[in-house]
Amino acid sequence: MWRTSLRAGCRGCRGFGPKGIWGSHAVRRCSAPAPAPAPAPALPAGRITARQAVDVWKRHFEERGVTEPDNSSHYIIAHLLGAKTIESLEHGKLTEFLSREKTEQMWQLCTRRLSRMPVQYVIEEWDFRDLTLKMRPPVFIPRPETEELVELMLTDLEMEPGAKVGADGQRTCLEVGCGSGAISLSLLNSMPQLKSIAVDQSQDAVDLTRENALRLGLQDRLQVYCIDVLKDAETVVSLCSPVSALVSNPPYLFSEDMTSLEPEIFRFEDHAALDGGKDGLKVIKQILTVAPQILTNHGRVYLEVDPRHPPLIRRWVEANVEEMHYVETRHDINGRPRFCILQKKKSNKDHRLDQD
Amino acid sequence: MSRLVPFICCMYGRVTWRGLPLLTPLPPGLPRVLAAGKKDLVDFPVLNEDELEEQFVRGSGPGGQATNKTSNCVVLKHIPTGIVVKCHQTRSVDINRKRARDIMREKLDVVYKGELSEVVLKKKEAELRKHEKRKKANDNLERKRQFKEALAADSTPGSDTV
């Protein structure tokens with residue numbers, strides 16, 4: 001089992017931002033009182049350089065057990081100074097004195113990090129492949145593994161130029177559980193001829209995906225809907241004309257593993273985006289059950305999963321979803337089985353005509 | 001060496017001969033190394049993924065949804081030469097992996113081609129351009145100077161032009 005040290009009873013119930021992370025979807029039960037916030041170092045009286053600010057906060061993060069103390073302070077200062085990484089800062093910027101305003105901002109942002117808020121939420125943005133996306137709690141933060149999911153999908157999609165679906169010759173793809181929109185927007189950005197439909201059961205996620213689509217100018221090729229595929233599969237089916245690809249990074253953690261999550265995840269990210277039920281397969285099974293009704297013949301499903309899932313999914317599909325064929329398992333950069341590719345077998349049945 | 005030169009001219013689009021850049025059209029049918037969207041990398045050696053060892057620092061732990069770390073440094077090692085490239089230029093692991101490979105190809109280019117490597121060629125070309133620019137600037141200055149002198153001589157009536 002993967003256990004990370006999590007201070008017992010440490011389930012902070014603080015809200016951040018105007019709505020608070022608990023917002024309108026509060027599902028957490030708090031059994032323990034919130035821990036007293038760790039005191040931040042005092043704002044310096046005189047002027048300090050960016051480098052000095054970084055050193056103060058790095059030390060402070062270390063003292064308070066905040067993970068990735070150097071990365072955290074580096075990303076925050078870089079963001080404040082207009083860069084993505086500390087390495088890409090203009091030469092000499094770090095030794096310049098910070099303005100009073102910038103110093104206060106540094107203190108404000110780093111204090112948020114003290115509460116174990118993920119850096120991506122602290123600076124309210126992160127990069128996914130070649131895109132910069134807005135981030136906002138509790139919408140799930142894209143993980144690096146998922147960049148590879150997009151990569152392998154693009155390779156596949158580009159190798160099948162003949163699969164035209166719509167009247168205008170454009171291909172459509174459906175994403176289940178879009179979160180911040182990372183996968184769909186990345187696909188759209190790399191494939192000008194693609195159209196996408198994205199659904200998520202969280203209104204926060206739907207809002208954020210729409211916002212990111214607008215910021216990237218991709219809103220014309222993306223439709224986003226707030227739908228729970230577990231409760232309302234029929235709506236998903238009726239909204240999507242046959243799609244040539246279905247992609248998802250669905251909640252796939254095992255429920256029992258939820259409690260050992262690091263505070264960055266447990267306290268701040270939507271548990272509904274993580275918890276896949278007892279065996280982590282709750283949402284995956286539903287997606288695969290519904291897939292034949294949504295996909296064109298030979299259309300594919302691309303899933304990111306837990307490393308234990310691939311053989312379980314293969315067996316389950318063979319026994320329960322006759323129309324889907326398990327194609328292959330792909331590994332992530334750490335060598336873990338991470339991606340499942342399945343394909344709809346050619347069928348003579350038109351599911352839409354079934355009047356049950 | 002003289003037999004090698006035409007071979008090199010065929011393989012690569014550009015070659016210097018005695019310090020002067022030569023543009024040779026590539027004969028059709030010869031394989032070219034193309035890196036999507038990057039004209040500059042056209043002539044770099046191809047990377048064989050089997051010869052590479054890649055390490056990504058993601059910390060211990062299950063990875064995927066269960067981990068949220070911001071470390072995205074990629075370490076790439078070319079086994080045959082032992083060259084190691086480290087890249088954490090961006091916040092995207094995917095981009096860092098691609099850049100690590102670009103840097104690796106640059107380094108391998110230097111190793112394999114030495115004097116003829118892209119890095120060295122570019123440097124020579126840059127120096128040549130700099131030299132030409134300086135010469136042009138000096139010529140212009142000289143012409144301006146002479147023009148001014150001619151003007152000055154014309155505008156003072158009765159003065160003897162020298």
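Visitor: How many Å² do chain A and chain B bury between them?

Guide: About 2800 Å², with 48% of it on carbon and sulfur atoms. Keep in mind that this is a predicted model.

Visitor: Which three residues of chain A supply more of its buried area than any other three?

Guide: E68(A), P144(A) and I333(A). They supply 20% of the area that chain A buries against chain B.

Visitor: How many residues does each chain bring to the contact?

Guide: Chain A gives 40 residues and chain B gives 25.

Visitor: What about charge? How many salt bridges count between chain A and chain B?

Guide: Six. One case is K98(B) with E151(A), where the closest N and O atoms are 3.1 Å apart.

Visitor: Which elements of chain A each supply at least two residues of the side that touches chain B?

Guide: α2, α4 (119-122), β1 (125-128) and α5 (144-159). The largest share, five residues, comes from α5(A). By class, this side of chain A has 18 nonpolar, six polar and 16 charged residues.

Visitor: α2 comes up there. How do I read its packing with α3 in chain A?

Guide: Two packed helices are described by the angle between their axes and the distance between those axes. Here α2(A), residues 69-80, and α3(A), residues 100-114, pack at about 145 degrees, with axes 10 Å apart. The crossing is right-handed.

Visitor: Which residues meet there?

Guide: From α2(A), S72(A), S73(A), I76(A), I77(A) and L80(A). From α3(A), K102(A), Q105(A), M106(A), L109(A), C110(A) and R113(A). By class, this contact has six nonpolar, three polar and two charged residues.

Notes
Residues numbered from 1 in each chain as written. Chains lettered and ligands numbered in written order. Predicted model: local features only at pLDDT ≥ 70, side-chain atom pairs only at ≥ 80, totals over all residues. Heavy atoms only, no water. Axes fitted to C-alpha atoms, helices over the stretch in contact; angles between N-to-C directions. Helix = DSSP H or I, 4+ residues; strand = E, 2+ residues; numbered from the N terminus. Left-handed = near helix turned anticlockwise from the far one by under 90°. Contact = heavy atoms within 4.5 Å. Nonpolar A, V, L, I, M, F, W, Y, C, P; charged D, E, K, R; others polar. Buried area = accessible area lost by both parts, 1.4 Å probe. Salt bridge = Lys/Arg side-chain N within 4 Å of Asp/Glu carboxyl O.
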